[in-house]
Amino acid sequence: MSQHQYNVLAVFPDGMLVEGAANQNLDLTVEIAATWQSKIDQVFCDNIERLVTPTKDGIKISNQAVQHDREEVLNVVLALLEKKKAGFKLDKIQNDVEKWGNQKVEPALLQAALETGLAPITNAEEFGISEGMKAAYLSYREVEPELTPKQVWDKIAAHAGLSEQQRLALEPFDALYGRSLFAAKPSPNGMQGVIAALQESLELRKDDTQTNRLEVSEEMVTAVRRSLNCAFVQNTTGSGELTAYITATPGSAALWVQPLAKPTNSGLTKCRLEQRCKCSLIVCREE
């Protein structure tokens, strides 16, 4: 709230006193939800495995995970890479190489790439490096300001130890699915190059991943809307639920709700939690 010139002066059991101009056009719903999400993540931060997940596109490191110890994050990624290596199947990889190599890249460009020393992966170790490159690519792409696929692969290729010719030869391949399949085998730095790329990507993401960039679930946003009814929270469900409750239980809804008044000279807004029925809401009004 302080980022939007609201100062919390006091906190009460039923609400809080806030100093700031009333602005019904300001919607802080998602930002408040992100703050709640951040606090919850801090409670469960010991379970980094929840924040680093294998997906069909590769291993993804959430923005919440970046805020925790990077060594722990790297250890989780490396453990997932070991699992992927254990599940290596040559026939599946050959199908991927056919799809993202022979079918997606023009024959002349593919041949030129092979002549530079690029080659498709053929064993579990190379598969692990390839998947590590994909994880690094996905992590780099979360950096703000956003890096282009070319910029990301310039970094990955440098950490991998690929030559300039090999880096240029990777351009015709798909940035996520194709390049790592042909870049892992010729990489002289192997898994160490992957670790270095992951470390750099996490470092670049560390400072720019703030509360407003946390991945907030729709359930958390809904919880904020249902719990808070203030000028800076857009509540699209509360009024409907309140109406339904009043209709179902006539005479029992002694809920006091006062619309927001125009800003007073004091600029003080009282956010109150009214509990006169089970449809408790926080109501903002000028005191």
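Strands here are DSSP runs of E with at least two residues, helices are runs of H or I with at least four residues, and both are numbered from the N terminus. Two strands pair if DSSP finds at least two bridges between them. Before we start: this is a predicted model, where local features need pLDDT of at least 70 and side-chain atom pairs count only at pLDDT 80 or more, while totals for chains, interfaces and linings use all residues. Residues are numbered from 1 along each chain as its sequence is written, and side-chain values use heavy atoms, with hydrogens and water left out.

Start with β3 (residues 52-55) and β4 (residues 58-61), which pair in the antiparallel sense over four bridges. A hairpin through two residues joins β3 to β4, and V52 stands opposite I61 in β4.

Next, look at helix α6 (residues 124-140), where you'll find E131. Leaving aside neighbours within four places in sequence, E131 is in contact (heavy atoms within 4.5 Å) with L81 and K84.

A cavity is a set of points on a 1 Å grid over the protein atoms alone where a 1.4 Å probe fits but cannot get out, and lining residues have an atom within 4 Å of a point. The lining of the second largest cavity includes M133, I156 and H159, and its largest share, four residues, comes from α10.

Methods
1 Å grid on protein atoms, 1.4 Å probe; cavity = no way out; pocket = protein on both sides within 12 Å on 5 of 7 lines; lining within 4 Å.
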